[in-house]
Amino acid sequence: MRTTAELRPPDEACAAAGWRIWIDRGGTFTDVVALAPGGERLVRKVLSQQPGLEGDPAVRAIAELVGVPLDQPLPAGLIQELRLGTTVATNALLEHRGAPVLLLINRGFADLLTIGDLHRPDLFAQAVKRPMPLELRVVEVAGRLAADGSELEPLQIDAELKQQVRQAMADGYCSCAVALLHSYRNPSHEQRLAAWLETLKPEAIGLSHRLSGLPRLVPRGQTTLVEAAVAPVLDRYLDQLETALNGAVPLRVMRSSGALAERPLLHAKDTILSGPAGGMVGAIAVARQALLLAGLPLQPVVGFDMGGTSTDVFHCGVAAGDLQWQRSPETSIAGLVLQAPMLPIHTVAAGGGSILRFDGERLRVGPESAGADPGPAAYRRGGPLTITDANLLLGRLPPQALPPVFGAAGDQPVDQQAVQQAFAALAAQMAPSRPGITAEQVAAGALQIATETMAAAIRHISLERGQDPREALLVSYGGAAAQQACALAAELGIRRLLVHPLAGVLSAYGIGMASPSLLLERTLRQPLQPAVVPWVQQQRQQLVAEGADQLRRVGVLQHGSPPVQVQVELRH
């Protein structure tokens, strides 16, 4: 049994007098939604990578919106609030760009986190490959706690340990993860190791008991590895962003749980689904609003977010008269178990930038993406054919609807001729096995493949869990979703579809609609009986007091502020 307390402080931003800016930094596009002091809403969508231009594209978009030249600092107080969703941590993990990690673990358990829980990624493979997405070195530590937290063997920070750690850091392993047995019951050993490690000034120190209050060393330790690997990458990005904005902008970051966090309370492992979580929050909000305005009863919602790199889908049911979702307590990413509250979002590698190719036998769509650079063939950077190019060729994406921001100088329209030539060449490759096939048929076939991939993802999160998607409202959002939405609805038998006016930037809009919160949990390891109820209540009060203290230390709560909202959940 464990108890969880979620504290939602009062959100004072609604009364802000300055600019309020909400950003979703995706792999291909960065979306910006801004509210001017007078209440006007402004929208920008820019490429996340802009060759030839210095600095972060979000910073350039902000400077343009508020009317301050890039070479001048932003005046203090001009921007009242900045909210950010980012894939920086996710991409660092998936692309193996995380910091090299030094893991400190109990003696005799050096291989534990590599072995994991013995689940086989491929059940029938004779040679199981478990690629570790992290650059890792392990140092064993003498000392042991019992399951109840009592000390069996004292911790030893001896000369041998100090020499091994210093050598590892000299070799470049400057981010430390500490994961010891039963530290969720008694963190004293981890805390003593952290106090000594701080004297060596590593880039980051991840302590398993601070990142997860749950038992089972394997998922808790792997969560700590992820945090130690991606925290330096995320911190560098946030440092650069705050420096570019003159350090005078209050920054809140979207977490995978659908709630905002001030930077001092943020863990990198909680941002893995940062942007998609904003999209889900926004999609549910606009679905609820649209159904009420239309005089229709609430119905389940299927979210369909098709961006440039991937597609995110979710299913949200109706419970207690409202749209409700449940957070997942853990997930798997890059072969590692991650203990972090996450919204139930499923991702497939099918976006507007998914690359089309013929492998000699059949037409393939993805999973590789052209990204923002070079981007699709139409972007005038020599990129490959993509889903976006297929829509351009078939006239489903009007060329005049796209701004002239392409080419080396970023001032050219899309290149339709390059798209036509590339599809003609692809059709010629397929001609020996499909005589007479045209470029248009190739493009239509690619779109059908993409639609079936997305439909399979939605069936996975609905039909396979006992939910009928035909009874749901399909909310289509993301830069590329509206082009596929009707075909996807027909494939699934969905009869009602919503495309919001801000569908192209709904993830950023959803980040603006999210609330700040702090989620704390504590494992009790006691049977739920009447005799322990007073003790459970005491633990709840301690969690609330601890959370309120943390919120005050970062300035979210001031003395005299309205009380926080507390949600408590007991879980077996």
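These are my notebook entries on a predicted model, taken topic by topic.

**Entry 1: the six-stranded sheet**

I began with the strand order. Six strands make up an open sheet, and I read the order as S4-S3-S2-S5-S11-S12, with mixed pairing. I then looked up the edges, which are strand S4 (41-47) and strand S12 (260-262), each of them pairing on one side only. From one strand to the next, the twist averages 20°.

At the S4 end I checked the neighbouring strand. Strand S3 (residues 29-35) runs antiparallel to S4, and seven bridges join the two.

Which strands does helix H7 lie across? I found helix H7 (residues 217-244) across S2, strand S5 (79-86) and strand S11 (251-254). Its direction is at about 150° to S5. Helix H8 (residues 274-293) also lies across S2, S5 and S11, and I noted about 110° to S5 for H8.

**Entry 2: salt bridges**

I counted 19 salt bridges in the model and looked up three of them.

The side chains of Arg83 and Glu81 form one, at 2.7 Å from N to O. I checked the burial of this pair: both Arg83 and Glu81 are buried.

Glu262 and Arg252 form another through their side chains, at 2.5 Å from N to O. Glu262 belongs to strand S12 and Arg252 to strand S11, so this pair ties together parts ten residues apart in sequence. Glu262 and Arg252 are buried as well.

Which residues are linked with these in a network? I listed Arg20, Glu81, Arg83, Arg252 and Glu262 as linked by salt bridges.

Asp468 has a relative accessible area of 26%, so I put it down as partly exposed. Arg470 has 45% relative accessibility and therefore also counts as partly exposed.

A pair of aromatic rings is described by the distance of the centres and the angle of the planes, so I looked up both values. The count for the model is one aromatic pair. Trp22 and Tyr509 form this pair, with 6.4 Å centre to centre and 55° between the planes, and it is classed as tilted. Trp22 sits in strand S2 (residues 19-25) and Tyr509 in helix H13 (residues 506-513). The two are 487 residues apart, and the pair links distant parts of the chain.

Are Trp22 and Tyr509 buried or exposed? I found both to be buried. I then went through the rest of H13. The buried residues there are Leu506, Ser507, Ala508, Tyr509, Gly510, Ile511 and Gly512. Seven of the eight residues of H13 are buried, and therefore I describe H13 as largely enclosed by the rest of the structure.

**Entry 3: Cys316**

Last, I looked up a cysteine. Cys316 is located in strand S14 (residues 311-319). Its relative accessible area is 1%; the cut-off for buried is under 20%, so Cys316 counts as buried.

What does Cys316 touch, leaving out residues up to four places away in sequence? I listed Ile284, Pro300, Val301, Leu323, Gln324 and Trp325. I also took a C-alpha distance from Cys316 to Ser274, and it comes to 18 Å, with the two residues 42 apart along the chain.

Definitions and conventions
Residues numbered from 1 in each chain as written. Predicted model: local features only at pLDDT ≥ 70, side-chain atom pairs only at ≥ 80, totals over all residues. Heavy atoms only, no water. Helix = DSSP H or I, 4+ residues; strand = E, 2+ residues; numbered from the N terminus. Buried < 20%, exposed > 50% of the residue type's maximum accessible area, 1.4 Å probe, protein only. Contact = heavy atoms within 4.5 Å. Phe/Tyr/Trp six-rings, centres within 6.5 Å; stacked < 30°, edge-to-face > 60°. Pairing = 2+ DSSP bridges. Axes fitted to C-alpha atoms, helices over the stretch in contact; angles between N-to-C directions. Salt bridge = Lys/Arg side-chain N within 4 Å of Asp/Glu carboxyl O.
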